[in-house]
Amino acid sequence: GVDYEGELELEQAFINYHSDAFGFKGGVILMPVGIINEYHEPPTFLSVERPSYSKYIIPTTWFGNGFQFYGNMGSFHWSLTLFEDMVGNGVGNMGSSKYAIRSARGKGETSTTTDFTKTVKLGWSGMGMKAGLSMTMNDAPITYGDDTGDGGSVGVDLNELNFSYNANNIHAVFETATINYDWSAALNADGSAYTDGQSSASGYYLHFGYDIGSLFGAKLVPWVGVSTYTNDDDNSAKETTESLFGLSYWPHDNVTIKMEMGTSEKDGAETDVFNIGLGYMF
């Protein structure tokens, strides 16, 4: 017989109730952190791949079991999300030498709510601009064997700020985030204090493009982008810096053809970047 027959993974499967000013959703939801995580389909951003910052700092895509209250007051909107715990064993250096908290995503599978991951998001939109910030907190339980939380917990505080402008043929996006860790309650498998955790992780990215499509009767955006991110602010050798130039074309609002090239540098080693992509959503 087969011991493991696979799984079905859903990014979204929830019940949603809303009026004009207030709403509630519950089920498998996307965490409302950053610009891309909730709306991550390829035609919604300039680059071929999602910005690397979104992978290594904010773990786009980040989904799991939870519920959310949200609302709006004119141009302002807000949400409060109570979400499954992060997996403490996947936080920072305990989980990966590359990612901040990507390995800590529970994805709704055998998830716990010993502390709840709590996210407060505030935003404003108007005149082609959107600005937002979010604060996410969790004491993520660390597990050895089958005893949930027998390794104590690691505190995670993620603070993120974003801005975008899409008007007058200009497409500009800026996002930055810092994750602070608290390892004071973290334990090794033998019960001793865990002492290898870093203090913080951080990063940002900036993409700027201009639509020259009016000359050709289509949306055609040459753009430039820069990004810096690190899983460990205590170790400069882990910092990555990217510089990109790209060209993105939309033959339809829901279809995009993209190209990007540039460089990625880490610890003095430079790597060339070249990507071509076809993206769509429905």
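Modeller: Let's start with a term: a nonpolar core is a set of buried Ala, Val, Leu, Ile, Met, Phe, Trp, Tyr and Cys residues joined through side-chain atoms within 4.5 Å. Keep in mind that this model is predicted.

Biologist: Thanks! Which residues have the most contacts inside the largest nonpolar core?

Modeller: That core has 33 residues, and Ile57, Trp62, Val91, Ile101, Ile179, Tyr181 and Trp183 have the most contacts inside it. Helix H1 and strands S7, S8 and S9 each supply at least two of its residues, and S8 gives the most, with 4.

Biologist: What does Trp183 touch, apart from its neighbours within four places in sequence?

Modeller: Trp183 is in contact with Val91, Met94, Val154, Tyr194, Gly197 and Gln198. There is also a second, separate core of 6 residues, including Leu46 and Trp250.

Biologist: Why is Ser54 called buried?

Modeller: Buried means under 20% relative accessible area. Ser54 has 3% relative accessibility, so Ser54 counts as buried. Ser54 is found in helix H1, and beyond residues up to four places away in sequence, Ser54 touches Ile36, Pro59, Thr60 and Tyr205.

Biologist: And how do you know that Phe245 is partly exposed?

Modeller: Partly exposed lies between the 20% limit for buried and the 50% limit for exposed. Phe245 has 38% relative accessibility, so Phe245 counts as partly exposed. Phe245 has its place in strand S11.

Biologist: Which residues form the nonpolar patch on the surface?

Modeller: Phe245 forms that patch with Phe208, Val224, Met261, Phe274 and Ile276, and together they have about 610 Å² of accessible area.

Technical notes
Residues are numbered from 1 along each chain as its sequence is written. This is a predicted model: local features need pLDDT of at least 70, side-chain atom pairs count only at pLDDT 80 or more; totals for chains, interfaces and linings use all residues. Side-chain values use heavy atoms; hydrogens and water are left out. Buried means under 20% relative accessible area, exposed over 50%, partly exposed in between (1.4 Å probe, protein chains only). Contact means heavy atoms within 4.5 Å. Patches are made of residues with over 30% relative accessible area and no salt bridge: like charges are joined within 9 Å, nonpolar side chains (Val, Leu, Ile, Met, Phe, Trp, Tyr) within 5 Å. Accessible areas come from the Shrake-Rupley method with a 1.4 Å probe; for residues, only the protein chains shown count as cover. A salt bridge is a side-chain nitrogen of Lys or Arg within 4 Å of a carboxyl oxygen of Asp or Glu.
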